[in-house]
Amino acid sequence: MAGVEATQPAQGYISKTNSVPTEGYDKKCIFCRIVNNEMGTELLHCDEEISCFRDIKPGAPHHYLVVPTKHVGNCKSLSKEHVPLVKRMVDTGKEILQKNNVTDLSDVRFGFHWPPFCSVTHLHLHVLAPASQMGFVSRLFYRLNSYWFITADQLIELLNSKGETN
């Protein structure tokens, strides 16, 4: 896993691909660079809000990373206002699975590594399928109910509860 790198986004960066100022771009963030087509990584989905690409070290036969197109910090930095974003990330993950002929959504894992256990500080949803075919090490890295991995549903529940406690 790569080291955690805390950086501030460089506002107003000009993307190499479209020459439009990109708000929320962090030139030191590997995922920002992937989304801006600076790394040669195939984007399976890309729009103004969400992007998706294959994980470089797949933990399952289908392992995708769904990220906000603009730089957003890790899941600990999110608030209740981010719930629609997280839901859209999950929906995009489901769409990518369906495009790749994964139809059994009961054998899929959607989740986030909980800081400090995330290797990249850009918010990213792991989409793994079929979960039943994950190897021993992957079952540890993406283990349910652990200190280091939280499901998308758990994160949404946590974010929704943040507004109720204030």
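**Figure 1. Y142 and F149 are both buried in this predicted model.** Buried means under 20% relative accessible area; over 50% is exposed, and the range in between is partly exposed (1.4 Å probe, protein chains only). The model is predicted, so local features need pLDDT of at least 70 and side-chain atom pairs need 80 or more, while totals for chains, interfaces and linings use all residues. Residues are numbered from 1 along each chain as its sequence is written, and side-chain values use heavy atoms, without hydrogens or water. Y142 and F149 belong to one aromatic cluster, together with F141.

**Figure 2. Aromatic pairs.** A pair of aromatic rings is described by the distance of the centres and the angle of the planes. Rings of Phe, Tyr and Trp (its six-membered ring) pair if their centres lie within 6.5 Å; planes under 30 degrees apart are stacked, over 60 edge-to-face, and the rest tilted. By this rule there are four aromatic pairs. In one of them, the ring centres of F31 and F53 are 5.4 Å apart and the planes stand at 65 degrees, so this pair is edge-to-face. F31 sits in helix α1 (residues 30-35) and F53 in strand β4, so the pair ties together parts that are 22 residues apart in sequence. F31 and F53 are both buried. For Y142 and F149, the centres are 5.7 Å apart and the planes at 85 degrees, so this pair is edge-to-face.

**Figure 3. The whole chain, for orientation.** Helices (H or I, at least four residues) and strands (E, at least two) are DSSP runs, numbered from the N terminus. The chain has four helices and eight strands. Their order from the N terminus is β-β-α-β-β-β-α-β-β-α-β-α. Of the 166 residues, 45% count as buried. Contact means heavy atoms within 4.5 Å. Among contacts with a separation of 6 or more, 56% come from residues 24 or more positions apart.

**Figure 4. Strand β5 (residues 62-68) and its partners.** Six of the seven residues of β5 are buried, leaving the strand mostly covered. Two strands pair if DSSP finds at least two bridges between them. Strand β4 (residues 50-54) pairs with β5 in the antiparallel sense, over five bridges. Here S51 has V67 of β5 as its bridge partner. Strand β7 (residues 125-129) is also joined to β5, antiparallel, by five bridges. There, H62 stands opposite A129 of β7.

**Figure 5. Strand β6, enclosed.** Five of the five residues of β6 are buried, so the strand is largely enclosed by the rest of the structure. R109, G111 and H113 point one way, F110 and F112 the other, and all are buried. β6 runs antiparallel to β7, with three bridges joining them. β6 also pairs in the antiparallel sense with strand β8 (residues 149-151), over three bridges. G111 stands opposite H126 in β7. G111 also stands opposite T151 in β8.

**Figure 6. H124, listed by UniProt under "active site" in an unreviewed entry.** UniProt positions use the numbering given here, feature names are shortened, and annotations may be inferred rather than shown by experiment. H124 lies in the loop between β6 (109-113) and β7. Its relative accessibility is 7%, so H124 counts as buried. Leaving out residues up to four places away in sequence, H124 touches F31, L65, V66, V67, M89, G111, F112 and C118. A polar contact is a pair of N or O atoms within 3.5 Å; within protein, one must be able to donate a hydrogen and the other to accept it, and residues adjacent in sequence count only if both atoms are side-chain atoms. A polar side-chain atom of H124 lies 2.7 Å from the backbone oxygen of H122.

**Figure 7. T69, in the loop between β5 and α2.** At 16% relative accessibility, T69 counts as buried. A polar atom of its side chain lies 3.2 Å from the backbone nitrogen of I50. Neighbours within four places in sequence aside, T69 contacts V35, D47, E48, E49, I50 and S51.

**Figure 8. I96, in helix α2 (residues 83-99).** I96 has 2% relative accessibility, so it counts as buried. I96 and L44 are 52 residues apart along the chain, yet their C-alpha atoms are separated by 7.4 Å. I96 touches L44, H45, C52 and Y64, not counting residues up to four places away in sequence.
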